[in-house]
Amino acid sequence: MKFFFSSGHGACPGCSLPIAVKNVLYALEGKCFVVNPTGCLEIISSQYDRSAWGVPYIHSVFENAAAVAAGIDAALKALGRKDEGHVVVFAGDGATADIGVGCLSGMFDRNHDVLYICLDNEAYQNTGNQQSGLTPPGSNTTTTPAGKILPGKIGRKKDMVAFALAHKIPYVATASVAYPTDIRRKVKRAVEFEGAKYIQILCPCVTGWGINSNETIKVAKLAVETALYPIVEYENGELVRVRKIKERKPVEEYLKIQRRFRHLFKHPKGKEIIEELQRIADENAKRFGLDE
Amino acid sequence: MVRKVVRGFYAVAYAVKLCRPSVICAYPITPQTEIVENLAAMYANGELENCQYITAESEFGAASILVGASATGARTFTATCSQGLILMSEVLWNAAGMRLPIVMVIANRSLSAPLSIWNDHQDSMAMRDACIIQVYVENNQEAHDMIPQAYKIAENKEVMLPFMVCMDGYKLTHAYEPVDLLEQGMVDSFLPPYNPPIKLTTKDPLTFGCYAPPHCYMEFRVVMQRAMMRAKKVMEEVFKEWAELTGRNWGGLIATDYMDDAETAVVAMGSVVGLVREVVEEMRKDGKKVGLVKIRSFRPFPTEELRKVMKDVENIVVFERAVSFGHEGPVAIDLKSALFGHCNAKVYSFAVGLGGRDIPRDLIRKCINNAIEGKVDEGFHFEGVKEFEEVII
């Protein structure tokens, strides 16, 4: 594999972000412009004089990656340079679903020719595991800590797939770093569409989730096998493909190996949250027909 | 050139078109909206060649889109003011640090609260330290002329900084004035196509917007300051070239009238300069040794120029269109710091016309006379304020 994203970057051992990034860049054969908002990926890869990037890369601020990408797209069109490559955003879940959601909506709405990839590690992990709109219920983050009264995050994970679909953009999908060939296929498929594309990739965080550094892929797989993270693919608003699950696992199997959920097994409200998570998984399985 | 009676927003929109921008972003805000509306009409009629006109979802988005476009090598334009400028501010600081020569028109408007759509300079003053060139224009011809010059200065390889052309909202944007409209050939001969020294391209992949740990951050700030200081010389050269090309000489970083033997210097920026000049001329007729200093470039600040013209004056009267709350007017603050140790004049600064309050001729005359006659204390004053009672006290 040619090094579009080189070794020597500052990711933690077992970090899933480079897996996602390398597979996306590989699928595009490095023919792309990368926009990256502030966050884990930016910090591990873009220190002055030590850039890991072998493709043109820009980081502006936290909440504007979609707009910066729109600007690159506009400039390439105006300057007759569209053939140079695709415009790709790699953004974290906080940058995507919280602080940058306005710019993202604008980019989707204008349907810029941009592939927007949300690297979903389910909290602000760069700053040390604070809850985001994509943090799942019950997760113990530093801003939704499990305490005597509260059992971690209250409320559901924001449905950014529905958000993307509501903008009628041509391609929307989810993926997990547990399935890199699926990521590569989806990226190749996505860029066949002219307009805005959204792929949300589940990227476990070793430190924030409290998992062993050799369990990243195992956890990323369990999220899918429990149906908590359904792998879906939409083209022009139609659900065209889902990743089927052979024998769906109970959510406890996924929860118990992560420090962020461990309190649920002894907290007075833990049982309630686990039941809620199981209900969400069951709904996903039913809604997308995940069970084989 | 054709002389036409046009409104300010058209004068700048037309000049922007002649500069052949590649990407224009629009987001409406009073009283700027008509600038981007005029550009939209030109775009809809196919008059903007090889240009993308984008309706952003906010001013924040508009500035961000231009960051991406400018970094990719496109000549860019947007216009905003007031809350819109403040909303853009995070991105504009970032654009300056990345050395992106985005050109913007600021239709100067006051800031909320209380909400006011009318003119003062509080909005652009809030961007003072962002490493963005700020030029204030006096009338619509100067606004029209400043657009090609702004691109030429901002895109100069020794500068590479964002540029704000500040024109008073309503007072200029919506005023009808005769303007000699530039011709395409003239602008083409003056302004070459934008060809940045570095850009985002797959042919030579570069990293823009890196993060800099303490061992290298400071050097980036040093080069920003150097670029600002180099801009002074570049601006003088471009202003001179413009005067030779068009026959319209707007001056340098400052422009002066009657300053050769002046005992009292009156300092102003923007559209109020026209009125102040008339008052100065009247006072000259009355035998008073008064002169006018129009500050054109607020950033970079014309330190050396002011030291030179203020060397022998006894009084300095500054008309402020903004306040640095807790201190005084921003122009006087900078003026005093520039003159410290170089001039012994008494400095009087008067905030006038905040939030679009009318600035009568008599008020200007009264302020200058009071300063000359020692009827007011040195320092900062609000003028043209009604009697009122404070509620929260």
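How are H10(B) and H11(B) oriented relative to each other? Keep that in mind as we tour this predicted model; the answer comes in the third view.

**View 1. Chain A as a whole.** Let's start with the overall picture of chain A, which has 12 helices and 8 strands. Its radius of gyration is 18 Å, close to the 19 Å given by the globule rule for 292 residues, so chain A is as compact as a globular protein of that length. Along the principal axes, the C-alpha atoms of chain A fill a box of roughly 60 × 45 × 35 Å.

**View 2. An open sheet in chain B.** Here you can trace 6 strands of chain B in the order S10-S12-S11-S14-S15-S16, with mixed pairing. Strand S10 (254-257) and strand S16 (379-382) are the edge strands of chain B, each pairing on one side only. On average, neighbouring strands of this sheet are turned by 20° against each other, direction ignored. As a reminder, strands of a sheet pair through backbone hydrogen bonds, either parallel or antiparallel. For one pairing to look at closely, find strand S11 (residues 264-268) and strand S12 (residues 290-295) of chain B, which run parallel and are joined by 5 bridges. Within this view, Val266(B) has Leu292(B) in S12(B) as its bridge partner.

**View 3. Two helices on the sheet.** Helix H10 (residues 303-310) of chain B packs on the sheet, where it touches S10, S11, S12 and strand S14 (315-320) of chain B. The direction of H10(B) makes about 15° with that of S10(B). Helix H11 (residues 330-339) of chain B lies across S11, S12, S14, strand S15 (346-351) and S16 of chain B, and runs at about 145° to S14(B). Now for the opening question: H10(B) and H11(B) pack at an angle of about 75°, with their axes 9 Å apart. They are therefore roughly perpendicular to each other. On the H10(B) side, the contact is made by Thr303(B), Leu306(B), Arg307(B) and Met310(B), while H11(B) brings Leu335(B), Ala338(B) and Leu339(B). Sorted by class, this contact of H10(B) with H11(B) has 5 nonpolar, 1 polar and 1 charged residues.

**View 4. Another helix pair in chain B.** Look next at helix H6 (residues 140-154) and helix H8 (residues 214-246) of chain B, whose axes come within 10 Å and cross at roughly 140°. That angle makes H6(B) oblique to H8(B). The crossing of H6(B) past H8(B) is right-handed. From H6(B), the contact uses Asp145(B), Gln149(B), Lys152(B) and Ile153(B). Residues of H8(B) in the contact include Ala231(B), Val234(B), Phe239(B) and Trp242(B). By class, the contact of H6(B) with H8(B) has 7 nonpolar, 2 polar and 2 charged residues.

**View 5. Where the chains meet.** The contact takes 37 residues from chain B and 37 residues from chain A. Four elements of chain B each supply at least two residues of the side that touches chain A: strand S3 (52-55), helix H3 (59-71), helix H4 (82-97) and strand S9 (207-208). The largest share of that side, 9 residues, comes from H3(B). By class, the side of chain B that touches chain A has 21 nonpolar, 14 polar and 2 charged residues.

Terms used:
Residues numbered from 1 in each chain as written. Chains lettered and ligands numbered in written order. Predicted model: local features only at pLDDT ≥ 70, side-chain atom pairs only at ≥ 80, totals over all residues. Pairing = 2+ DSSP bridges. Axes fitted to C-alpha atoms, helices over the stretch in contact; angles between N-to-C directions. Contact = placed C-beta atoms within 7 Å. Nonpolar A, V, L, I, M, F, W, Y, C, P; charged D, E, K, R; others polar. Parallel < 35°, antiparallel > 145°, perpendicular 65-115°, else oblique. Left-handed = near helix turned anticlockwise from the far one by under 90°. Rg over C-alpha atoms; globule rule 2.2 N^0.38 Å.
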